[in-house]
Amino acid sequence: MKALLSTATGGPETLVIGELPEPTAAPGTVIVSVKACSINFPDTLMIVDLYQFKPARPFAPGGEIAGIVEAVGDGVTDFAVGDRVIGLCGNGGLTEKVAISAFNCFKMPDAMSFDDGASLLMTYGTSIHALKDRGHMKAGDNVLVLGGAGGIGISAIELAKAYGGRVVAGVSSEAKAQIAREAGADEVVVYPHQPFDKDQSKAVAEMFKNAAGKDGFNIIYDTVGGDYSEPAVRSIAWEGKFLVVGFPAGIAKLPLNLTLLKSCDICGVFWGAFAARTPAKNHANVAELFGLYAEGKIKPRISETFTLENAGQAIARLGDRAAVGKLVVHI
């Protein structure tokens with residue numbers, strides 16, 4: 001079967017169209033005929049061997065798919081041939097068919113498109129876990145979302161608004177600011193590009209403080225890292241929650257005296273481990289997301305679609321931080 005393959009360590013330019021053996025349905029798995037595969041930040045890391053999981057080559061990137069069940073393995077009772085599903089496969093999504101643990105599959109609502117299905121779990125799944133389970137968000141909370149024009153940032157804006165929060169989005173351009181506003185952000189901060197010296201960092205902190213108001217942010221949702229994290233922490237409220245979600249701008253270094261002065265919490269958000277360790281809670285969160293989707297309160301923003309043959313361009317765009325919203329590959 002056709003696949004986009006990583007055959008050697010390197011960037012998107014090293015990916016090639018090739019062939020893989022068709023998968024078979026082992027016990028506890030389903031075979032999905034892939035219709036759509038979204039591109040996520042781990043895909044950019046995996047092909048250069050910087051992700052925590054390093055699959056044996058040749059492998060196909062793509063960890064989040066939507067499609068139709070083609071076969072089920074022994075012991076699988078929740079799915080049948082013909083079911084429309086979304087699933088998490090870690091890698092292997094940029095292929096015509098993929099084997100996925102039934103544990104990591106979810107039946108799609110009838111009204112959900114394959115593109116939306118392939119764009120839901122990793123972004124909105126992370127954000128609902130972050131805001132509800134780690135941030136303990138409540139109506140009226142003041143929320144800052146860094147990286148507010150990316151797929152995961154948009155999901156955080158939409159969910160925080162659905163939960164009754166005031167949301168400020170931090171973005172790097174006016175074009176991205178408009179995307180964040182369309183997602184529901186009440187206010188937008190357009191910050192400069194890093195690196196920051198001491199004075200620049202202080203200036204960015206003032207931008208965040210001015211947007212926060214006198215009481216600061218109850219929750220800061222950081223999908224960016226790098227030099228942006230410390231200025232954001234300086235704008236946090238007393239006993240606020242700083243949610244560590246991702247580091248495309250680099251792993252941040254924080255002066256821990258700030259946590260004492262603000263009596264705030266730094267909370268790691270590892271959705272994949274949460275889903276594996278507490279599957280019942282994760283399934284409840286996904287069911288809630290389906291409900292919010294049906295109500296029109298959340299919807300993935302898909303900015304571009306690609307074919308399998310040019311899927312490397314999608315990975316390149318995400319790696320360069322040029323993408324807005326979600327990028328989806330049609331199989």
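**The helix pair and its sheet**

Mentor: Let's start with helix α4 (residues 151-162) and helix α5 (residues 174-183), which pack at an angle of about 35 degrees with their axes 9 Å apart. Helices here are DSSP runs of H or I with at least four residues, strands are E runs of at least two, and both are numbered from the N terminus. Axes are lines fitted to C-alpha atoms, for helices over the stretch in contact, and angles run from 0 to 180 degrees between N-to-C directions. The α4/α5 crossing is right-handed (the near helix is turned clockwise from the far one; left-handed would be anticlockwise by less than a right angle).

A word on the basis: this is a predicted model, where local features need pLDDT of at least 70, side-chain atom pairs count only at pLDDT 80 or more, and totals for chains, interfaces and linings use all residues. Residues are numbered from 1 along each chain as its sequence is written, and side-chain values use heavy atoms, with hydrogens and water left out.

Who touches whom? On the α4 side you'll find I154, I157 and E158, and they meet I179, A180 and A183 of α5, contact meaning heavy atoms within 4.5 Å. By class, that contact has five nonpolar residues, no polar ones and one charged (Ala, Val, Leu, Ile, Met, Phe, Trp, Tyr, Cys and Pro count as nonpolar, Asp, Glu, Lys and Arg as charged, and the others, Gly among them, as polar).

Now follow α5 into the sheet. Together β9, α5 and β10 make a right-handed β-α-β unit, right-handed meaning that, with the strands pointing away from the viewer, the path from the first strand over the helix to the second runs clockwise. β9 and β10 themselves pair in the parallel sense over four bridges (pairing takes at least two DSSP bridges between the strands), and V171 has V190 in β10 as its bridge partner.

Zooming out, these strands belong to an open, parallel-paired sheet of six, in the order β10-β9-β8-β11-β12-β13. β10 (187-190) and β13 (265-268) are the edges, each with a single partner strand, so one side of each has no neighbour in the sheet. From one strand to the next the twist averages 20 degrees. Further in, β8 (residues 142-146) and β11 (residues 217-222) form a parallel pair over four bridges, and L144 is bridged to I220 of β11.

One more helix to look at: α6 (residues 198-212) lies across β8, β9 (166-171), β10 and β11, running at about 175 degrees to β10.
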